[in-house]
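Please open the structure in your viewer, show the chain as a cartoon, and keep the selection tool at hand. The tour goes from stop to stop, saying each time what to select and what can be found there.

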Amino acid sequence: MRRAALFLLLAVVFPAGVSLAHDHDRHGGHIRGGTIEPPVVCAPRHDIGRARYAMPTRNRSVVLLITRRHVAVQLSDRTMREIDREMRNERDEDEGVIVNAFKSAVLGGVRSLLDHSFECPLDELCDARYRDGRLELITEDGDRIFEDIQIEDRDLLESFRAQDAQAFVEEFHRLRHGSR
């Protein structure tokens with residue numbers, strides 16, 4: 001029931017403004033974030049295979065991607081498979097009719113919440129840069145997006161390999177300022 005307690009906590013915290021949350025025994029890490037504000041919105045997950053460019057964090061738990069219309073962050077497919085496996089294992093534990101019904105409802109709701117991305121329309125962004133080991137995504141208003149998301153106590157925007165982040169910036173500029 002330990003995992004059910006974790007997922008129940010996520011169900012309570014997630015809608016209150018926390019961007020992403022994941023805990024996994026093997027990695028011992030977690031993802032947490034700050035408030036998501038416009039122009040970033042919660043949206044359905046993107047098919048990573050259809051993205052113009054997608055890059056995982058070093059620990060491969062989260063992906064930042066760019067499509068023709070959006071820049072988005074979401075849990076990686078690998079992380080989603082791990083969550084599904086953990087939820088299946090939790091559902092398989094027989095703890096009585098009432099507890100099992102409660103677990104099923106909570107786990108289904110949490111899975112549904114995690115099966116989303118946070119995205120920003122490409123047209124709302126004026127620049128993407130990579131400098132000093134950190135990716136910066138800047139809106140037309142001068143704000144920065146995805147600033148408060150932490151992965152294993154490390155800033156999401158510092159969690160990418162340099163060559164991946166530089167390729168992301170190049171694709172951003174190609175789409176934003178060039179031909180789409």
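Begin by selecting Thr 139, which has its place in strand S9 (residues 134-139); strands here are DSSP runs of type E with at least two residues, helices are runs of type H or I with at least four residues, and both are numbered from the N terminus. Thr 139 counts as buried because its relative accessible area is 3%, where buried means under 20% relative accessible area, exposed means over 50%, and partly exposed lies in between, using a 1.4 Å probe and protein chains only. Leaving out residues up to four places away in sequence, Thr 139 touches Pro 39, Glu 124, Leu 125, Cys 126 and Ile 145, a contact being heavy atoms within 4.5 Å.

Before moving on, note that this is a predicted model, in which local features need pLDDT of at least 70 and side-chain atom pairs count only at pLDDT 80 or more, while totals for chains, interfaces and linings use all residues. Residues are numbered from 1 along each chain as its sequence is written, and side-chain values use heavy atoms, with hydrogens and water left out.

From Thr 139, step to its contact Cys 126, which is partly exposed, with a relative accessible area of 29%. Then select Cys 120, which by contrast counts as buried at 0% relative accessibility. If a disulfide is taken as a pair of cysteine sulfur atoms within 2.5 Å, the count comes to zero.

Next, select the open sheet of five strands, whose order is S3-S7-S6-S5-S4, with antiparallel pairing; two strands pair if DSSP finds at least two bridges between them. At the edges you will find strand S3 (41-44) and strand S4 (53-56), each of which pairs on one side only. From one strand to the next the twist averages 30°. Strands of a sheet pair through backbone hydrogen bonds, either parallel or antiparallel.

Within this sheet, select strand S6 (residues 70-75), which pairs with S7 in the antiparallel sense over five bridges. His 70 stands opposite Pro 121 in S7, and Val 71 stands opposite Cys 120 in S7. Turning to S5, you can see that five bridges join it to S6, again in the antiparallel sense, that Ile 66 stands opposite Val 71, and that a hairpin joins S5 to S6 through three residues. How many of the six residues of S6 are buried? Six of the six are, so S6 is largely enclosed by the rest of the structure.

Now bring in helix H4 (residues 162-177), which lies across S4, strand S5 (62-66) and S6, running at about 155° to S4; such angles run from 0 to 180 degrees between N-to-C directions, with axes fitted to C-alpha atoms, for helices over the stretch in contact.

For the last stop, select Ser 117, found in strand S7 (residues 116-121) and buried, with a relative accessible area of 0%. The side chain of Ser 117 reaches the backbone oxygen of Pro 44 at 3.1 Å. Neighbours within four places aside, the contacts of Ser 117 include Val 41, Cys 42 and Pro 44, as well as Ala 72, Val 73 and Gln 74.

Key:
Polar contact = N/O pair within 3.5 Å; in protein donor to acceptor, adjacent residues only side chain to side chain.
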